[in-house]
Amino acid sequence: MNRPSPPAHLAGHSHGRSPTTQTTAVSAFRASASLARAWTRRGAVILGLGLALLGLSTSISNVVAQQTQPPNIAAASDLQFALEEIAAAFTRDTGQSVNLTFGSSGNFLRQIQQGAPFQMFLSADEGFVQQLAQAGKTEDGGTLYAVGRIVLFAPGGSSLRVDADLADLRAALADGRIQRFAIANPEHAPYGRAAEEALRSRGLWDAVQPRLVLGENVSQAAQFAASGSAQGGIFAYSLALSPQVGGRGSYVLIPAEWHKPLRQGMVLIKGAGDTARAFYAYVQQPAARAIFRRYGFVLPGEAS
């Protein structure tokens, strides 16, 4: 039996679309997908170029800022008063300025190793400069700029009497007149290490250790002693020579042979700008050397 033919409007159709329409749709879809992939690749290329240009722009901006803004200088805290005077003289003579940050040399060593944005480092221990040079962080091996000294200090009103042999310090530790004695932390402060060496050389370290008040740096140790928070202390001669500290008590130089020399080195950090380089050179000139000398530093090429 013959079946009736489908209506003419349904003949040759599948789900309402002719084969020609299906082929056209598939081709259009494939073309759209291909175009989308092309635009995606093009977008990725453009994005990559944009990021590269952004990185280049940031790098250029950093270089420009480094060349135009006052450079950040990391300096051991024993230089607080001397280097401020030197920086003021540098500005007066050249019209350029620097930003000084004072602290513990050991802490600065770690910060610079981790990428802190300093352009120059004046350390209280030339060994720290050598470590940075060996790590490839510096322009060169640096240079010696001074040798420091330490003093025994007693604030006004203290029962401790200062003497070069530390004889009264020994007696004061024995009779209980010393409850607190200030030095910089020997773990990261070169002047604290020198203080420990001097006390050990006199056989006083074990007796004084339970009474120690440790400054984060030698400047803080000087503050502890000068303020009367401690009955005495050992810190940098350069700080004792400042009116802000030395005028608040009495002090005496500790013999240099009681501790290793405080050889202080400085260096330019890799990529340092022109102003930092000019300051580095200025610190080695007669005007700066005269200021260092006035603050009790022994200078390269000069006798102690």
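**Terms and their grounds**

Modeller: Let us begin with an open sheet of five strands, in the order β7-β6-β8-β5-β9 and with mixed pairing. The edge strands are β7 (212-215) and β9 (249-253), each of which pairs on one side only. From one strand to the next the twist averages 30°; axes here are lines fitted to C-alpha atoms, for helices over the stretch in contact, and angles run from 0 to 180 degrees between N-to-C directions. Strands (E, at least two residues) and helices (H or I, at least four) are DSSP runs, numbered from the N terminus.

Colleague: On what basis may we use these values?

Modeller: This is a predicted model, in which local features need pLDDT of at least 70 and side-chain atom pairs count only at pLDDT 80 or more, while totals for chains, interfaces and linings use all residues. Residues are numbered from 1 along each chain as its sequence is written, and side-chain values use heavy atoms, with hydrogens and water left out.

Colleague: What makes strand β5 and strand β8 a pair?

Modeller: Two strands pair if DSSP finds at least two bridges between them. Four bridges join β5 (residues 150-155) to β8 (residues 232-236), and the two run antiparallel; they therefore count as paired. F153 stands opposite G233 in β8.

Colleague: Why are F108 and F121 called an edge-to-face pair?

Modeller: Rings of Phe, Tyr and Trp (its six-membered ring) pair if their centres lie within 6.5 Å; planes under 30 degrees apart count as stacked, over 60 as edge-to-face and the rest as tilted. F108 and F121 are 6.2 Å apart, centre to centre, with 70° between the planes, so the pair is edge-to-face. F108 lies in helix α3 (residues 105-113) and F121 in strand β3 (residues 120-122), so the pair ties together parts that are 13 residues apart in sequence.

Colleague: Why is T275 called buried?

Modeller: Buried means under 20% relative accessible area, exposed over 50%, and partly exposed in between (1.4 Å probe, protein chains only). T275, in helix α11 (residues 274-282), has a relative accessible area of 14% and is therefore buried. G148, in strand β4 (residues 143-148), is buried as well, with 2%.

Colleague: How do you know that R202 sits over the ring of W258?

Modeller: A charge sits over a ring if NZ of Lys or CZ of Arg is within 6 Å of the ring centre and within 35 degrees of the ring normal. R202 lies over the face of W258, at 4.1 Å from the ring centre, so the distance meets the limit.
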